[in-house]
Structures are given as structure tokens and as C-alpha cells.
Number of protein chains: 2
Amino acid sequence: MSVVYNKVALIGLGLIAGSISLAAKRAGSAGQITGTARSARTRSIARDLRLCDVIVDNSASAVRDADLVILCVPVGAMGKVMSEIKPHLKRGAVVTDVGSVKQEVIELVAPHLPEGVHFIPGHPLAGTEQSGPHSGFAELFENRWWLLTPLPDTDSHEVSRLRRFIRSLGANVEDMEPAHHDLVLAVTSHTPHLIAYTMVGVADHLTRVTESEIIKYSAAGFRDFTRIAASDPTMWRDVFLNNKEAVLDILGRFTEELFVLQRAIRMGDGEHLHDYFTRTRGIRRGIIEAGQDTAAPDFGRGPKPPERSQ
Amino acid sequence: MSVVYNKVALIGLGLIAGSISLAAKRAGSAGQITGTARSARTRSIARDLRLCDVIVDNSASAVRDADLVILCVPVGAMGKVMSEIKPHLKRGAVVTDVGSVKQEVIELVAPHLPEGVHFIPGHPLAGTEQSGPHSGFAELFENRWWLLTPLPDTDSHEVSRLRRFIRSLGANVEDMEPAHHDLVLAVTSHTPHLIAYTMVGVADHLTRVTESEIIKYSAAGFRDFTRIAASDPTMWRDVFLNNKEAVLDILGRFTEELFVLQRAIRMGDGEHLHDYFTRTRGIRRGIIEAGQDTAAPDFGRGPKPPERSQ
């Protein structure tokens with residue numbers, strides 16, 4: 001693989017930035033990678049891990065001479081970072097981001113764009129419940145989707161180049177309208193996260209069941225919620241504040257639907273419940289066929305079932 | 001390991017019964033295992049897999065001479081099965097079940113108990129999203145909890161013996177009050193399942209987002225919900241109909257809490273959201289420390305992060 005960008009700058013050094021750096025080094029698609037983070041402790045851990053070629057103390061020096069700048073900070077910090085780096089961006093540079101929300105990021109970033117700098121918003125659909133510079137790994141993006149929401153007037157040559165770089169990290173790239181992105185993610189990610197946080201919160205507040213009981217008996221379904229609800233609080237606060245309309249829309253539908261099932265339980269309408277639970281199985285089958293999850297029972301988490309011919 | 005029961009009868013041959021049979025054979029804790037299922041197809045698959053020593057066509061013959069009878073049918077079928085086997089139970093036999101609800105099972109089973117037969121209700125907290133006789137495996141119960149809710153007048157010698165048999169399958173045994181069991185499970189299992197079914201249903205009904213988009217981009221959180229929502233519809237219908245009070249109680253708390261978070265999003269109260277999301281992380285840590293889940297990011301589902309010293 002040949003070098004796609006001579007100099008790449010990573011602003012923010014969490015799970016995603018760390019994984020980008022390790023994946024790009026492995027692929028040889030970046031000449032030099034410079035990283036920075038606001039916290040001295042994060043920079044020091046990243047230095048110890050040799051996460052980037054160079055770690056600098058501020059974003060202004062990080063972006064100097066950079067051909068590609070990737071904003072890897074929570075959505076709420078994007079505007080501030082842009083105002084800091086704006087005077088230091090090279091003419092012809094590409095700026096992208098990894099935020100989970102796209103319309104609001106465009107509104108925060110676009111006003112700061114200097115003449116001759118290309119902004120191509122992006123969002124890798126990859127992550128784990130862990131955060132911080134030590135949690136990154138080169139394989140994070142393999143066979144995962146990375147959505148780009150380029151604006152209508154963006155140089156298509158630069159979009160192709162960014163796609164090439166992202167593919168070098170192992171991801172599949174697809175374009176989407178920013179508003180549609182925010183709706184799709186509200187369904188596949190944002191609302192499920194809010195619901196998981198809520199369910200874990202309910203368990204936490206319930207005094208008749210002890211925390212030790214919740215923890216011991218979590219394998220029955222609850223532990224998947226706790227994994228989701230262990231994700232980075234700052235990132236998720238910013239997601240909800242910045243994708244408000246779509247999340248509130250999906251939440252409204254969710255509550256409506258939940259009330260119908262709740263009523264079926266109260267009224268003893270077993271047929272309604274059975275039909276509903278049967279339909280939802282089909283979606284699961286689709287996800288496994290699309291290679292976005294494993295069919296191994298329980299994700300092959302614990303002891304594994306033996307191979308068996310049948 | 002020595003034989004704990006000479007003859008064990010399994011009524012129903014799904015994931016749990018299959019796993020019990022394979023685990024007991026491996027442990028040598030059952031002299032002979034006889035199984036039966038209502039469906040001829042299930043019996044035929046179980047025969048092909050050699051799931052039990054003997055497969056018979058009806059529950060009456062299955063329980064004849066059995067020292068231990070395990071009811072492995074959906075909760076709603078327990079009463080019917082009991083009325084069928086009642087005249088054929090051996091004096092001194094132990095009857096247990098694996099239903100996810102305990103108070104209602106006791107009400108369904110107890111009236112049918114002949115003199116001299118011991119009923120000890122139970123519930124293994126183990127399972128996968130797969131169902132049917134081919135989905136069982138001997139390791140399913142390893143390091144999982146198996147709750148017993150013995151009634152006050154039960155022969156304690158028989159309870160100890162059943163505990164010994166369950167431990168031979170690899171599980172940890174604990175006693176609990178039936179009503180408390182139903183509340184704990186409403187929190188750790190039943191309500192999370194209903195919520196997951198609902199979220200998958202919402203995605204399914206949303207016409208502005210295609211099913212193929214939902215499936216492709218599911219890795220962002222949604223796929224964990226689809227796994228839960230792929231569980232056996234009949235079993236889950238019966239759980240909700242038979243643990244109505246506790247589920248409706250927890251659902252009420254869930255909706256209340258969800259509305260508070262929803263309002264925080266609408267009002268832009270980032271501090272409230274951040275505090276909430278920070279508290280829920282602690283529960284996750286407890287589950288990992290208790291050995292009920294792996295700390296590997298993403299459950300080690302996809303490509304694995306390399307070992308790294310730090």
C-alpha cells in the first residue's frame with residue numbers, strides 16, 4: 001500500500017484516534033502521524049505506547065503542514081478545536097471528523113473553514129465500550145462501515161482520496177446525506193444507548209434488589225445493556241445534545257410501541273406478544289448474514305459448544 | 001463423580017434440556033436419561049443427535065420410574081404437563097422445572113402434586129438466543145447460576161441432593177424466595193428482553209430507514225438488542241404473561257426514568273446526562289469482576305486487539 005497522505009494530524013487521542021494511527025501505520029498509508037490531546041496524561045500514555053510518530057502539546061502545532069486533519073474529539077468540542085486550528089491549516093488540506101452526529105458537526109465546523117481547505121465529515125461505525133488512548137487497536141475498523149457525508153460542493157478528487165485512506169484502515173466506505181445519517185444512527189445506535197443507560201439506571205435505583213444480585217444474575221440479558229451503558233459519558237452526552245431531534249423522534253416511537261406491548265401484557269394478549277417476538281427474529285438473521293455479527297451462541301463469550309455434524 | 005439420580009426424565013427437549021442431558025452424561029451424575037417432546041420432529045432430531053439414552057413419545061412413559069423429573073417446557077405448558085404425568089410419578093420422585101418465572105409455576109404445578117412426590121422449583125440463568133434440540137451443549141451451565149426456590153415444607157435432604165446434581169452440570173446453586181426471584185429476574189432479564197424486542201420492532205416499522213440500512217449499520221449498538229430479540233417467542237410470551245406484576249412494576253420505573261432523560265435531552269441538560277452515564281459504568285465493572293462477562297472489548301467478537309504490555 002502506498003502513502004495516501006504525507007502528514008496526518010490526529011486531534012484527540014482516544015479509542016478511535018489510537019486505532020486510526022495503528023491501522024494506518026500497519027497499512028503504510030500515512031507518511032507521518034502527529035497526534036495531540038488536551039490532557040497531559042493522555043499525551044503521556046500515547047507517548048509511552050508509541051501510538052503516533054510525534055505527539056505534540058497543542059492542536060495548532062499538530063495541524064501545521066498536515067495534509068489530513070482528523071478531529072477525534074467529542075462532538076461538543078469540535079467548534080472550539082476548529083477555532084484553534086483554523087489559522088494553522090495548510091492550504092489544500094483535508095479536514096475530516098469521526099463524530100457520531102453529522103448535521104450539527106457541519107454547523108459547528110463549516111463556519112471556521114479557511115479558503116482552500118476541504119471539509120469532508122465522516123463517521124466510523126466501530127468502537128467498543130472502552131475509551132482512552134490505551135484502548136485503540138489496529139483491527140478495530142476491519143469489515144466495519146465508515147460513513148462519509150460530503151457536502152455538495154466538495155472536490156470529488158479529495159473525497160476519493162479520503163476514501164482510499166479509510167479503506168487502507170480496513171473499513172468499507174459509504175456516502176450518506178447528513179440528515180439521513182443522523183436518523184439512521186438515532187435508530188441503530190443513539191436510542192439503543194439511551195435505553196441501555198436507562199435500564200442500568202433503573203436497576204441501580206431499585207432498593208429491593210441489591211447491587212450484588214444485579215451483578216451476579218446479569219447473564220440473563222442485562223449484561224449486554226451494561227456493556228453499552230459503560231461507554232464514554234462525555235461522548236454520549238454530546239451525541240444526545242447534538243442529535244436531539246432524531247433521538248426524540250425515535251424515542252417517541254419507542255415509548256408508543258412499548259406501551260402497546262405493556263398493554264398486551266396487562267391484558268394477557270399472548271397472541272400479540274408472540275407475533276411481535278416472531279417478527280423481530282428476522283432482523284437478527286439479516287445481521288448475521290451481512291457479516292456484522294457472529295451466529296455463535298452468546299457471541300462465543302463463555303464456554304463454547306462443540307462442533308457437531310447434523 | 002458418582003450417580004446422583006438413577007433415572008432422570010426430561011420433559012421438553014430444547015436448548016436447556018439438551019444441555020442438561022449432555023452435561024449430566026459428561027459428569028456421569030445420571031444413571032439413565034429419558035427424554036420426550038411434544039413434537040415428533042423434535043424427538044427425531046434428538047434421537048439423531050443421541051441427546052438422551054432413550055427418547056419416548058409421551059411424558060407419561062418418560063416419567064415412569066424416574067427419580068428426577070425436569071420440566072423443560074415453556075411456563076404456560078407446565079400445568080398441562082403436570083396433569084399428564086401426575087398418575088405416573090413414582091413415590092419419592094423429585095420434580096423440578098427450569099422456568100424463568102417461579103411464583104406462577106408453583107401455582108400451576110403444586111395442585112397436581114401426588115402424595116410423596118417432592119417439588120423443588122428451579123431456574124438456570126443460562127441460555128443463548130438459539131432454541132431447539134440441536135442448540136444444547138454440555139458447557140452451557142459452567143460458572144452460571146442456577147436458582148432454586150424450595151417451598152418451606154420441602155425435604156431438605158432432597159434439596160441437597162438436587163443441588164448436588166445441578167453442581168455436577170457445572171452451575172453454582174443458590175436459594176431464593178419465589179417472589180424475590182421473580183422481581184430480580186424482571187430487572188436482570190425480563191424487562192431488558194421486552195425493551196430489546198421493542199427497539200427492534202421500532203426499527204422494523206420505520207419506513208424512512210430501510211431494513212438493509214438497519215442491518216448494515218447495526219454494529220453501533222443495535223445488534224446486541226437483536227440478539228436478545230431473537231430468543232424463543234413462545235418461551236418469552238409465557239414469561240411476560242406469567243410474571244406480569246413484576247414486569248409491569250419495572251416497566252413503570254423504566255418509562256419514568258426514560259422520560260427524565262428524554263426531558264434532559266430536550267432541555268439540553270448535559271450535566272444531568274453526564275452524571276447519569278458516569279454512574280452506570282460502575283455496574284459494568286462489577287459484572288466483569290464477578291466473572292459473569294468478559295472485559296475483552298466487544299466481547300472479542302470480531303478482530304482481536306493484540307496483547308500489549310502497559
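**Exercise 1. The nonpolar core**

Task: In this predicted model, state how many residues the largest nonpolar core has and which residues have the most contacts inside it.

Solution. Step 1: The largest nonpolar core has 206 residues. Step 2: Those with the most contacts inside this core are Leu10(A), Val69(A), Leu10(B) and Val69(B). Step 3: Take Leu10(B) and set aside its neighbours within four places in sequence; its contacts are then Ala17(B), Ile20(B), Ser21(B), Ile33(B), Gly35(B), Cys52(B), Ile70(B) and Cys72(B). Step 4: As a general background, nonpolar side chains tend to be buried together in soluble globular proteins.

**Exercise 2. The contact of the chains**

Task: Find which helix of chain B gives the most to the side of chain B that touches chain A.

Solution. Step 1: The contact takes 104 residues from chain A and 103 residues from chain B. Step 2: On the side of chain B that touches chain A, at least two residues each come from helix 7 (178-205), helix 8 (211-216), helix 9 (222-228), helix 10 (233-242), helix 11 (244-267) and helix 12 (270-289) of chain B. Step 3: Helix 7 of chain B gives the most, with 19 residues. Step 4: Sorted by class, this side of chain B has 52 nonpolar, 26 polar and 25 charged residues.

**Exercise 3. A helix pair across the chains**

Task: Describe how helix 7 of chain A and helix 11 of chain B pack.

Solution. Step 1: The axes of helix 7 (residues 178-205) of chain A and helix 11 of chain B are 9 Å apart, and the packing angle is about 125 degrees. Step 2: Helix 7 of chain A is therefore oblique to helix 11 of chain B. Step 3: The crossing of these two helices is right-handed. Step 4: From helix 7 of chain A come Leu194(A), Thr198(A), Met199(A), Gly201(A) and Val202(A), which meet Ile250(B), Arg253(B), Phe254(B), Glu257(B), Leu258(B) and Leu261(B) in helix 11 of chain B. Step 5: By class, the residues of this contact are seven nonpolar, two polar and two charged.

**Exercise 4. A helix pair inside chain B**

Task: Give the angle and handedness of the crossing of helix 7 and helix 11 within chain B.

Solution. Step 1: The axes of helix 7 of chain B and helix 11 of chain B cross at roughly 65 degrees and come within 9 Å. Step 2: This crossing is right-handed. Step 3: Helix 7 of chain B contributes Asp182(B), Leu183(B), Ala186(B), Val187(B), His190(B), Thr191(B) and Leu194(B), while helix 11 of chain B contributes Ala246(B), Val247(B), Ile250(B), Leu251(B) and Phe254(B). Step 4: Nine of the contact residues are nonpolar, two polar and one charged.

Note on methods:
Residues are numbered from 1 along each chain as its sequence is written. Chains are lettered from A and ligands numbered from 1 in the order in which they are written. This is a predicted model: local features need pLDDT of at least 70, side-chain atom pairs count only at pLDDT 80 or more; totals for chains, interfaces and linings use all residues. A nonpolar core is a set of buried Ala, Val, Leu, Ile, Met, Phe, Trp, Tyr and Cys residues joined through C-beta atoms within 7 Å. A residue is buried if 20 or more other C-beta atoms lie within 10 Å of its own, exposed if 12 or fewer, and partly exposed in between; C-beta atoms are placed from the backbone. Two residues are in contact if their C-beta atoms, placed from the backbone, lie within 7 Å. Helices (H or I, at least four residues) and strands (E, at least two) are DSSP runs, numbered from the N terminus. Ala, Val, Leu, Ile, Met, Phe, Trp, Tyr, Cys and Pro count as nonpolar, Asp, Glu, Lys and Arg as charged, and the others, Gly among them, as polar. Axes are lines fitted to C-alpha atoms, for helices over the stretch in contact, and angles run from 0 to 180 degrees between N-to-C directions. Angles under 35 degrees count as roughly parallel, over 145 as roughly antiparallel, 65 to 115 as roughly perpendicular and the rest as oblique. A crossing is left-handed if the near helix is turned anticlockwise from the far one by less than a right angle, and right-handed if clockwise.
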